[in-house]
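Me: I have a model open here and would like to go through the terms used to describe it. Could you walk me through them?

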Amino acid sequence: MRLREREIGRAEALVVIAALAAWTPVARIGGPLHPGDVGWFLRFEEDLVRPALRLWSDASGPVAVSLLDGPVLRVGLAPRVAADPAPAEMLARVFDQAVGDGEARCDLPGGSPVGAALLRLGWAADPDEPWSLLVCDDPAAPPGAGPRTLVVDEESAADRGAVQRAAFEGSTFTLERWRAMRGSAAAELCVESLVVTPDGAPAAAATGWLAGAGRCGLLEPVGTHPDHRGHGYGRAAVRAACAQLGARGASAVAVLTPSANTAAVALYHSAGFREVARQRDLHRPAR
């Protein structure tokens with residue numbers, strides 16, 4: 001058996017988006033990598049996308065997609081990998097090599113045989129904080145009365161970017177990168193909501209991603225401006241994004257957040273999510 005590695009740039013991204021969508025289950029995301037994760041990454045320029053995104057295939061077609069997201073290698077796997085140890089062992093070896101010799105982390109579907117193979121190669125559960133996987137089972141429920149909510153478009157995109165940069169220190173989400181994201185191969189999967197205060201100031205935003213009708217959607221990212229926290233704006237943005245996903249056929253909506261971020265966990269609970277799992281990345285110290 002032979003695995004073929006293919007670098008994926010912005011122009012070829014539809015092939016990995018289609019593979020990840022086909023692997024996304026109905027009830028909830030089956031692993032860390034969702035078509036929306038690729039869609040969100042496509043805000044970046046070609047010289048950042050191509051070195052980070054890979055498609056792994058055998059004679060039967062795609063078996064894995066990997067995304068090097070900062071220090072973490074994030075992976076989506078074809079369901080057939082779970083039934084066949086041969087590709088799992090091969091993927092573990094190539095992932096172990098792909099991250100180089102420095103300290104590394106790998107984000108895999110829970111219970112993956114690739115993860116088991118990485119453990120045999122000297123990896124271990126990340127000693128840092130776990131991540132909480134939360135799911136909204138009824139995304140089509142009306143968001144209810146609340147603050148003014150906008151669907152993000154060219155006119156409101158600058159405000160949406162301003163919320164992102166204020167909510168996440170170090171964010172580089174400019175108007176140009178918003179346009180790159182919304183002009184990418186994942187554009188048709190994307191929904192966005194922007195909540196404003198009574199005087200019109202941008203307060204909170206949520207981006208949601210479809211994986212196709214009847215499959216689980218994803219929220220990535222969600223943020224509230226620090227000046228406007230504690231007023232329900234984040235909850236309103238989440239509910240509005242979920243409603244858009246539900247209206248377009250999402251069976252559920254999932255979100256991942258650090259378990260130690262109790263404010264974020266509380267926000268999602270207040271918006272109708274329930275925690276269904278906690279998971280840890282795999283970690284390998286520098287060689």
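Me: What makes the radius of gyration of the chain agree with that of a compact globule?
Reply: The radius is taken over C-alpha atoms, and the globule rule is 2.2 Å times the number of residues to the power 0.38. For 287 residues that rule gives a value near 19 Å, and the chain has 19 Å, so the two agree. Along its principal axes, the C-alpha trace spans about 60 × 35 × 35 Å.

Me: Good to know. What should I keep in mind about the source?
Reply: This is a predicted model, where local features need pLDDT of at least 70 and side-chain atom pairs count only at pLDDT 80 or more, while totals for chains, interfaces and linings use all residues. Residues are numbered from 1 along each chain as its sequence is written, and side-chain values use heavy atoms, leaving out hydrogens and water.

Me: How many helices and strands are there in the chain?
Reply: The chain has 9 helices and 14 strands, which are DSSP runs numbered from the N terminus (helices: H or I, at least four residues; strands: E, at least two).

Me: Which pair of rings could we look at, and why is it called edge-to-face?
Reply: The whole structure holds 4 aromatic pairs. Take Trp56 and Phe95: their ring centres are 5.9 Å apart and their planes stand at 80°, so this pair is edge-to-face. Rings of Phe, Tyr and Trp (its six-membered ring) pair if their centres lie within 6.5 Å, and planes under 30 degrees apart count as stacked, over 60 as edge-to-face and the rest as tilted. Trp56 sits in strand E2 (residues 53-58) and Phe95 in helix H4 (residues 85-98), so the pair links parts of the chain 39 residues apart.

Me: How do you know whether Trp56 is buried or exposed?
Reply: Buried means under 20% relative accessible area, exposed over 50%, and partly exposed in between (1.4 Å probe, protein chains only). Trp56 has 5% relative accessibility, so Trp56 counts as buried. Phe95 has 1%, and therefore counts as buried too. Of the 287 residues of the chain, 54% count as buried.

Me: And why does Val265 count as buried or exposed?
Reply: Its relative accessible area is 12%, so Val265 is buried. Val265 belongs to helix H9 (residues 262-270).

Me: What is Val265 in contact with, beyond its neighbours within four places in sequence?
Reply: Contact means heavy atoms within 4.5 Å. With those neighbours left aside, Val265 touches Ser132, Leu134, Thr257, Pro258, Ser259 and Glu275. Leu134 is 131 residues from Val265 in sequence, with 8.2 Å from C-alpha to C-alpha.
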